[in-house]
Amino acid sequence: MSMMIAQNGPGITNFVTPVKTAYWNHTPLLLVTPQAANKTIGQGGFQEVEQMALFQDMVCYQEEVRDPTRVAEVLDRVIANAHRFSGPAQINIPRDMFTQIVDINLPTMIEFELPSGGEMALAEAAKLLSAAKSPVILNGAGVVLAAGGIAASMALAERLDAPVCCGYQHNDAFPGSHPLFAGPLGYNGSKAGMQLIQDADVVLALGTRLNPFSTLPGYGIDYWPKNAKIIQVDLKPERIGLTKAVTVGIVGDAAKVANGIMAQLSATAGDTDRAQRKARIASTKAAWDVELEAMTHEEDDPGTTWNERAREAKPDWLSPRMVWRAIASVMPKEAIISSDIGNNCAIGNAYPTFEEGRKYLAPGLFGPCGYGLPAVVGAKIGCPDTPVIGFSGDGAFGIAVTELTAIGRDEWPAITMVVLRNYQWGAEKRNSTLWFDDNFVGTELDENVNYAGIANACGLKGVQARTMDEVSNALSQALVDQAAGKTTLIEILINQELGDPFRRDAMKNPVQVAGISMDDMRPQKGA
Ligand SMILES: Cc1ncc(C[n+]2csc(CCOP(=O)(O)OP(=O)(O)O)c2C)c(N)n1
Ligand SMILES: [Mg+2]
């Protein structure tokens, strides 16, 4: 289990964003928050903040130590709960307690087996899947996190010849080379997955809370099947049925539940229309592969011309999709990659596939910009022999750029970082241009800043790439260098095209307020 600790007060307030990110990524994590010392607590000011209140909504469990003799007891409970609820759990300790000597009995941790699903629910799910004509499996993070989850879902999929989609940013929840893998649903996902689930009569949503990003319309297709029977499996009962109507809810570990369902399938499960189903999966996937390969530029919404103008402004510059194709062509199968929050990273969602779980690190639904670099640094520390590649937009990278000053030290492992440099906070500009009549403000980045130069100044290797060949060559070389202990930052210069906005479904055109006109505006007065 990973652990975080920092200086009380301002050190700890810096943890809010990463801890909430870990919460929605279901990451077991021990959060130790040293508190202002008991003697001065409440007297105000110096590095003191209400650390329990601060994290109340960020952790799955929190407890404060009241007496030095109780540190071990509380610590034991906090760690146990981080495991049980698969999330960050906080222990808040007044700092004077760190230096006490106590005489106590050490607690022994009680470990529970994860639930395998209710008997009746498993039987009902097996019955529905056995009778299904077009079953579809939707794998979430729970499949990656459960021991044997991917193998269990694969056995079930093969038995039923059911296509397997995955949730948003969970591209590693099923082997990419498997003929039944249909790709990620939701924002910038796989059209093949969307088309296949659209016709499902039974969906097994395995280890997923069915978060909105994984089910919202994509490419204009509102694919979520309205009449299908939905079986939802999640460790947390409160998440079942939260976003979608569910026929059978199963509280349990994804692997155990999948195995339990498998054991109860009828002898003829999957036989109805099996051959047609397999053929349809293959043809739908092939058609999407061809379509994705041919997608080179971003389309404009009717009545808008941003992308057209962006292409004209920089005709020789790469488009985001050219970059993703160049990257995909040289990405090693065993690599761990990270993604960040931003328009270009999101456009990249349909491209990476993986053969194993825990390979695609993504900020998930809390969605903090700045995730890309620290995520691969952590991954490399955990898996020193695996190549890691981080991806960030240039705005998001600016949030994490200070890490470059730390990661070149001798004892730190080498990584490869890719910055998608379009000199704009693209995702914000996308919303702004679409909903404010082609206007944008505060979205432009400084063109004088050279991230490759900053990397070089930090003793790392910084390179810029402007063509597809330069991108693939730079990445291949960076991976050779990474294996030899050298960190590279590749700054890829791209045009300013913008893909689909985040949550198109949740945006509305602003309404004009009656009685307000431009003449009511006054120039801002200086101080
Ligand atoms: C910490 C944080 N601040 C702000 C946002 C809002 N936000 C989402 S995407 C985005 C723009 C990202 O720009 P960039 O990294 O340059 O990527 P691009 O969209 O240009 O590809 C912002 C500001 C966020 N998600 N996280
Ligand atoms: Mg950008």
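The legends below describe close-up views of a predicted model.

**View 1. Domains of the protein.** The domain assignment divides the protein into domain 1 (2-97), domain 2 (119-289) and domain 3 (295-506). Taken over C-alpha atoms, the centres of domain 2 and domain 3 are 30 Å apart.

**View 2. The contact between domain 2 and domain 3.** Here 19 residues of domain 2 are in contact with 21 residues of domain 3. On the side of domain 2 that touches domain 3, 9 residues are nonpolar, 9 are polar and 1 is charged.

**View 3. The surroundings of ligand 1.** Ligand 1 is surrounded by 20 residues, of which Gly342, Gly393, Gly395, Ala396 and Gly426 are the closest. By class, this shell consists of 8 nonpolar, 10 polar and 2 charged residues. At least two residues of the shell come from each of α13 (343-347), α15 (394-400) and α16 (426-435). The most is given by α15, which supplies 4 residues.

**View 4. Aspartate 438 and its backbone angle.** Most residues other than glycine have a negative phi. Aspartate 438, however, has a positive phi, near 70°. This aspartate 438 lies in the loop between α16 and α17 (451-457). Aspartate 438 counts as exposed because 12 other C-beta atoms lie within 10 Å, and a residue with 12 or fewer is exposed.

**View 5. Arginine 503 and its backbone angle.** Arginine 503 is not a glycine, yet its phi is positive, at about 45°. Arginine 503 is placed in the segment after β16 (488-493). With 12 other C-beta atoms within 10 Å, arginine 503 is exposed.

Definitions and conventions. Residues are numbered from 1 along each chain as its sequence is written. Chains are lettered from A and ligands numbered from 1 in the order in which they are written. This is a predicted model: local features need pLDDT of at least 70, side-chain atom pairs count only at pLDDT 80 or more; totals for chains, interfaces and linings use all residues. Domain bounds come from an automatic or database domain assignment. Two residues are in contact if their C-beta atoms, placed from the backbone, lie within 7 Å. Ala, Val, Leu, Ile, Met, Phe, Trp, Tyr, Cys and Pro count as nonpolar, Asp, Glu, Lys and Arg as charged, and the others, Gly among them, as polar. A residue is near a molecule or strand if its C-beta atom, placed from the backbone, lies within 6 Å of it. A residue is buried if 20 or more other C-beta atoms lie within 10 Å of its own, exposed if 12 or fewer, and partly exposed in between; C-beta atoms are placed from the backbone.
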